[in-house]
Amino acid sequence: MGTMPRQLCYAARTGHTRGGSEMKAKLVAVASVLSILSASAVAIAAEPKDAVEYRQAVMASLGGHAGAISRIVKQQVDYDHIAQHAEAIAATAPLVEDIWPDNSKPGDYEKTDALAKIWDEPDAFQEKVDKLKVEAEDFLAVAKGGDQGEVIAAFKELGQSCGGCHDDYRAE
Ligand code: HEC
């Protein structure tokens, strides 16, 4: 990362002082940012704190959409947004597969509620992730075309896939 500001500075400076080559300098700056972004996508090994906070942010987004759906199905609010929230949950569920790096265990960062047995029993844990993905897809299908009763039933199933993992793998 150390090289980025210098390259940007250089590009900005050449663009400024040499007038005509300003466009070229801008292109150089853009290209260097792009190359750094694509390199960082593979190169970053997250710190435990960041890995945990990322995981919690992904979970919180699931929780936000589930909370919104809950208010809609209970008719506490009058929005016709269920399909959009269902899309968001279905798009997020596959990410849950990836958010348990080895350095994000309870011993690595104390502010995680994830239990160590996630890493001790990967197959059983994977079943919970798979269940979430299936229920999220089912809910999306029903949210797009089902009647009220079907939507409520599918939402309950989805909620059980969240709770089924939390009961076993998240600290109280
Ligand atoms: C495969 C297991 C698993 C599934 C499935 C799962 N969660 Fe979680 N969830 C966890 C774990 C473990 C934590 C604790 C993460 C941590 O603190 O590092 C968590 C944390 C959370 C949090 C708290 C985030 C924070 O800000 O600390 C919310 C909200 C949440 N989950 C909502 C959901 C919802 C809603 C679903 C279903 C749509 C869901 N989760 C499905 C395992 C799961």
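Figure 1. The protein chain has seven helices and zero strands. The model shown is predicted. Along the sequence, the pattern reads α-α-α-α-α-α-α. The chain has 172 residues, and 18% of them are buried. Take the contacts between residues at least 6 apart in sequence: 62% of these join residues at least 24 apart.

**Figure 2. Helix H3 spans residues 48-73.** H3 holds 26 residues. From its first C-alpha to its last, H3 reaches 37 Å. That is close to the 38 Å expected at 1.5 Å a residue. The buried residues of H3 are Ala51, Val52, Arg55, His65 and Ile69. Their cover includes helix H4 (82-92) and helix H7 (148-169). Just after H3 comes Gln75, with a positive phi of about 60 degrees.

**Figure 3. H3 packs against H4.** Two packed helices are described by the angle between their axes and by the distance between the axes. For H3 and H4, the angle is about 155 degrees. Their axes lie 10 Å apart. An angle over 145 degrees counts as roughly antiparallel, so H3 and H4 are roughly antiparallel to each other. The crossing of H3 past H4 is left-handed. On the H3 side, the contact is made by Val58, Ser61, Leu62, His65, Ala66, Ala68, Ile69 and Ile72. On the H4 side, Ile82, His85, Ala88, Ile89 and Thr92 take part. By class, this contact of H3 with H4 has nine nonpolar residues, four polar and no charged.

Figure 4. H3 contributes Ala66, Ile69 and Val73 to the contact. H7 contributes Val151, Ile152, Phe155, Gly159 and Cys162. Sorted by class, the residues of the contact of H3 with H7 are seven nonpolar, one polar and no charged.

Figure 5. Asp50 lies in helix H3. It has 13 C-beta neighbours inside 10 Å, so Asp50 counts as partly exposed.

Figure 6. Gln148 is found in helix H7. Is Gln148 buried or exposed? Gln148 is exposed, because 10 other C-beta atoms lie within 10 Å. In sequence, Gln148 and Val73 are 75 residues apart. In space, 8.0 Å separates them, C-alpha to C-alpha.

Conventions: Residues are numbered from 1 along each chain as its sequence is written. This is a predicted model: local features need pLDDT of at least 70, side-chain atom pairs count only at pLDDT 80 or more; totals for chains, interfaces and linings use all residues. Helices (H or I, at least four residues) and strands (E, at least two) are DSSP runs, numbered from the N terminus. The expected span of a helix is 1.5 Å times one less than its number of residues. A residue is buried if 20 or more other C-beta atoms lie within 10 Å of its own, exposed if 12 or fewer, and partly exposed in between; C-beta atoms are placed from the backbone. Two residues are in contact if their C-beta atoms, placed from the backbone, lie within 7 Å. Axes are lines fitted to C-alpha atoms, for helices over the stretch in contact, and angles run from 0 to 180 degrees between N-to-C directions. Angles under 35 degrees count as roughly parallel, over 145 as roughly antiparallel, 65 to 115 as roughly perpendicular and the rest as oblique. A crossing is left-handed if the near helix is turned anticlockwise from the far one by less than a right angle, and right-handed if clockwise. Ala, Val, Leu, Ile, Met, Phe, Trp, Tyr, Cys and Pro count as nonpolar, Asp, Glu, Lys and Arg as charged, and the others, Gly among them, as polar.
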